Amino acid sequence: MTARTLTFLAALAAAAAAIFFSLNSSSEDIEKARLSLTGSSTIAPLALEIAKRYEAQNEGLRIDVETGGSSRGMADARRGLADIGMVSRRLKAEESDLTAHLLARDGVGIIVHSSNPIEAITGAEVTSIYKRETRNWQALGGPDADIILVHKAEGRSTLEVFLDHFKLDNPSITPDVIVGDNEQGIKTVAANPAGIGYVSIGTAEVAIENGAAIKLIKLDGIEASTATVADGSFPMARELNLVTYGEIPENAASFIAFAQSADVNDLIKGQSFVPPRR
Amino acid sequence: MSRRAADRLFRFSLRSATLAAALALVFVTFFVGYEALPALQAAGAGAFLTDPSWHPASGTFGLMPMVLGSLAVSLLALVLAAPLGLGAALFENFYAPPVLRGLFQRAVELLAGIPSVVYGLWGLVVLVPLIAKHLAAPGTSILAAGLVLAIMILPTMALFSSAALGAIPAEQYRAASALGLSKWTALRTVLLPAAGRGIMTGLFLSFARALGETMAVLMVAGNVPQLPSSLLDPVRTLTANIALEMAYATGAHRHALFFSGFLVMAVTLLLVTLAGRSEKKEARP
């Protein structure tokens, strides 16, 4: 390596270091009060939106939102690593050392093509369809067409809610199409008259309003709508909670109060969740 | 500033740019490899080959369905796009009237500039329903993905072939004509062999592009991680697998996805190297 190359590399390193430290110092200049949230990746995008709005109203406060799953949210809250944990389900009895603050509800509804005459389905029928025991819509009083199973990719929260509700084992399901997000699920069912799928109810309602060729069908006799999710009567749904451990510090308490107020309803709907009845 | 100082400054900035580009590649490779390593240590490379299915949440990490899926859609795309691209290049260089030539060139370049998600959307709302209606429901399949990819890599194939044909000295064609060869015979026996290596480069790069494409394939391939038995079966590609699951993956699942990314990178690197080699040999007459 020649001396010139060495000088060059040194200059480059110096430049990188200068940039790094200047970035670092500028963020440290202003000392701000901090609030940290960790946990469920389902809740994180919503929490981030709420935090942004809250920060705008409370100058001098900085809120950090990190993901890592509901379990991490609970563990961090217990150990004091985070002020607030995010948990995308109801707390179990043995987790009563934590305090849950209901943020929103997430309902997953069964969708079919809008031309499908079927209006209602039972849990047993859904299970039988996804186990491939029922293969034709005729068995359910529909048209003579092979059912096309639309399923979600692993890791999606709607998949977890679906599998959990119907006690299904994912490797035993052999779908025709696997989709990523709710929008793709809706487009796929809209393009397949014999399709069946499950998506977030909030997203489906918006899509139907905008003319997507799908419909939400009743599950076990209960209408799939944001109203039935909000009052807790729709069966395939879960709670999105903020959890705290022990005494709640002043700034965390007022953030939680804000997150539970009607001021964030639009943000909750924006993430296709349902604001709880307040 | 003296001329000498300006020269040095210029050389310095050029070197910085080159180094930054090279470092980016090294960093990305290192990072992807580093993130993929725990998956290899935990499951062993064999698990990726022999696990019967891809269900990371249940602890099975079989990547073979995705490897085959990627190969199947890319090969189909190449088989469809290669003759079309080569034909387009031949037409442009030897048969098109001069007025048409420029227009045609622009059209091919425009085709290359359309974002892939637009092709995917077209595939989803036009192509997939057509296949579902006339061949087999639900239409999302190897065939749909191969067709969409073929349109996407067609410009790469056409532009590289065209450049290779255009680089042949005009005397060769004139000499062939002077010998009384017909246009087609001259093309087949003189010009195409001369441009062969350039066309090979186009083939390799088209294949690499097809392998790496994500969004469009994600929208039309059906994404079921299974071993396909016909062109109408849905498949999942390695890239679609990453795009579908990365945002929600944690732990071993995440590392396994990085490993599939590492695989795509390795194959792409191999293809680009092959392309580079065939180009280099061409340079030596």
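Colleague: How do the residues lining the second largest pocket divide by class?

Modeller: In general, Ala, Val, Leu, Ile, Met, Phe, Trp, Tyr, Cys and Pro count as nonpolar, Asp, Glu, Lys and Arg as charged, and the others, Gly among them, as polar. Here the lining has three nonpolar, eleven polar and five charged residues. This is a predicted model, where local features need pLDDT of at least 70 and side-chain atom pairs pLDDT 80 or more, while totals for chains, interfaces and linings use all residues. Residues count from 1 along each chain as written, chains are lettered from A and ligands numbered from 1 in written order, and side-chain values use heavy atoms, without hydrogens and water.

Colleague: Which residues lie nearest the centre of that pocket?

Modeller: A pocket is an open set of points on a 1 Å grid over the protein atoms alone, where a 1.4 Å probe fits, with protein on both sides within 12 Å along at least five of seven lines; lining residues have an atom within 4 Å of a point. Of the 19 lining residues here, A:Ser157, A:Asn182, A:Gln271, A:Ser272 and B:Tyr248 lie nearest the centre.

Colleague: And where does the largest pocket lie?

Modeller: Domain bounds come from an automatic or database assignment. The largest pocket lies between domain 1 (31-105 + 239-270) and domain 2 (106-230) of chain A, because both give residues to its lining. The second largest pocket draws at least three residues from each of these domains.

Colleague: What classes make up the lining of the largest pocket?

Modeller: That lining has 15 nonpolar, 19 polar and eleven charged residues.
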